[in-house]
Amino acid sequence: MGLNDRKSFRSLYLNPAISEGYVRLLYPDSPRHPRQKYLLTAKGQAARH
């Protein structure tokens with residue numbers, strides 16, 4: 001997949017998925033929240049199938 005570190009994962013996969021609306025943050029106002037989770041949106045669920 002070409003993943004070398006956390007930074008490349010965020011820039012190549014996570015941030016684009018969030019900006020396209022496939023994934024959302026549980027605590028969007030606090031990205032470093034200790035209980036932060038990434039949740040699939042309805043659009044993300046549809047893309048899985």
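Reader: Where is Q36 placed, and what makes this place a loop between β1 and β2?

Author: Q36 lies in the loop between β1 (23–25) and β2; strands are DSSP runs of E with at least two residues, helices are runs of H or I with at least four, and both are numbered from the N terminus. The model is predicted, so that local features need pLDDT of at least 70 and side-chain atom pairs count only at pLDDT 80 or more, while totals for chains, interfaces and linings use all residues. Residues are numbered from 1 along each chain as its sequence is written, and side-chain values use heavy atoms, with hydrogens and water left out.

Reader: Why is Q36 called buried?

Author: Its relative accessible area is 14%. Buried means under 20%, exposed over 50%, and partly exposed in between (1.4 Å probe, protein chains only); Q36 is therefore buried.

Reader: Which residues does Q36 touch?

Author: Leaving aside residues up to four places away in sequence, Q36 touches L25, L26, Y27, S30 and P31, where contact means heavy atoms within 4.5 Å.

Reader: Where is T41, and why does T41 count as buried?

Author: T41 is found in the loop between β2 (38–40) and α2 (42–48). Its relative accessibility is 18%, and T41 therefore counts as buried. Not counting residues up to four places away in sequence, T41 touches G21, Y22, V23 and R24.

Reader: What makes the charged end of K43 sit over the ring of Y22?

Author: The definition asks that NZ of Lys or CZ of Arg be within 6 Å of the ring centre and within 35 degrees of the ring normal. The charged end of K43 is 4.8 Å from the centre of the Y22 ring and sits over that ring.
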